[in-house]
Amino acid sequence: MHHFLKETDFSLEQAQQVFLLAKQFKAERASSAQPLSTQSWGLLFYKSSTRTRISFEVGVHELGGHPVVLNSQNTQIGRGETIEDTAKVMSRYLHGLVIRTFAHSIIEDFAAHASMPIVNGLTDFNHPCQLYTDIFTLLERYSPEDMDIETLKGKKVAFLGDCASNMANSWIHTAAMFGMEIVLAGPEGFEPGSEIDDALKADGLELNYTFTTDPTAAFQDADVIYTDVWVSMGDEAEAEKRKAEMAPYQVTRELLALAKSEAYFMHCLPAHAGEEVSQEVLDSPQSIIFDEAENRLHAQKAIMAKLVELNA
């Protein structure tokens, strides 16, 4: 059974096919193919969601399938049923399952016991669907005709803020996979952890990222500027402490000016203007955040379609 739990669960060749398929789905949205015809896919949420829920629910529908939206607290999981039993039962009903949850071990347990493809809609460790969306959004600009992943090689990504977050981990993993340079800037204590290093080593990828506490160093000659919220779901108890420590790492027009003149600003949303990024940057011509948000639909449709093909 082929699952999509991390960025490298598709080979480079398969990833290239996913981006080409996403382009096709976007161009032919009104009349796209329906590889999920007669299928039912579950969307299981342990965490609240806007973009993930809407994009997957609409995506399953547009691919000809039926989305079944589930909240963990409204299932028997919330009353103590094991993931093993839940995965086995759901596999008897569903053709695939998207999970948005906390611990990464939850989706790994589902994948270990399910006889249907499992898609990682976000964990505390990573967010691979968002990263495939981000790469697709960049390829629309770097290689709009061919979606050629070779055009990503050598591109520099500057990531600011919580560099031990799921988004930072996913960017580190993705940059290594596609041959991109990544420099992460944040306060001491928020540097990438051993878990992402172990994931890179397990995939035979180099630990080629750089961490610095100097945001200006990260921005120099950057092609892509990326940030995320300073207080992720589950970190609310330390919100004020995080905001104080992260304050020097806000993406401002002044910092953006240090990057390449044609650099793109990206954010997985929701954004908190005045915290991790200024409103001026969000509204700037370099900001491609809403194209990025829209592309969740097209990229995730392509991911599901590819999984159906691989598991046929």
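This is a predicted model: local features need pLDDT of at least 70, side-chain atom pairs count only at pLDDT 80 or more; totals for chains, interfaces and linings use all residues.
Residues are numbered from 1 along each chain as its sequence is written, and side-chain values use heavy atoms, with hydrogens and water left out.

For residues 3-140 I looked up the extent, and the end C-alpha atoms lie 26 Å apart, with 45% of the span in helix and 16% in strand. Helices (H or I, at least four residues) and strands (E, at least two) are DSSP runs, numbered from the N terminus.

I then traced an open sheet of four strands, which has the order 2-1-3-4 and parallel pairing; two strands pair if DSSP finds at least two bridges between them. Its edge strands, each pairing on one side only, are strand 2 (66-71) and strand 4 (118-122). The twist averages 20 degrees from one strand to the next, where axes are lines fitted to C-alpha atoms, for helices over the stretch in contact, and angles run from 0 to 180 degrees between N-to-C directions. Strand 3 (residues 96-100) is joined to strand 4 by four bridges in the parallel sense, and I found Leu97 partnered with Ile118 of strand 4.

Next I followed an open sheet of five strands, in the order 7-6-5-8-9 and again with parallel pairing. Strand 7 (210-212) and strand 9 (264-267) are its edge strands, each pairing on one side only. Helix 5 (residues 128-142) packs on this sheet, touching strand 8 (224-227) and strand 9, and its direction makes about 160 degrees with that of strand 9; contact means heavy atoms within 4.5 Å. Helix 6 (residues 166-178) lies across strand 5, strand 6 and strand 8, at about 160 degrees to strand 6.

Finally I checked helix 5 itself, and 12 of its 15 residues are buried, meaning under 20% relative accessible area (1.4 Å probe, protein chains only). Among them I listed Cys129, Tyr132, Asp134 and Phe136. Why should helix 5 span 21 Å? At 1.5 Å a residue its 15 residues should span that distance, and its end C-alpha atoms are 21 Å apart, which agrees; the expected span is 1.5 Å times one less than the number of residues.

Note on methods
Buried means under 20% relative accessible area, exposed over 50%, partly exposed in between (1.4 Å probe, protein chains only).
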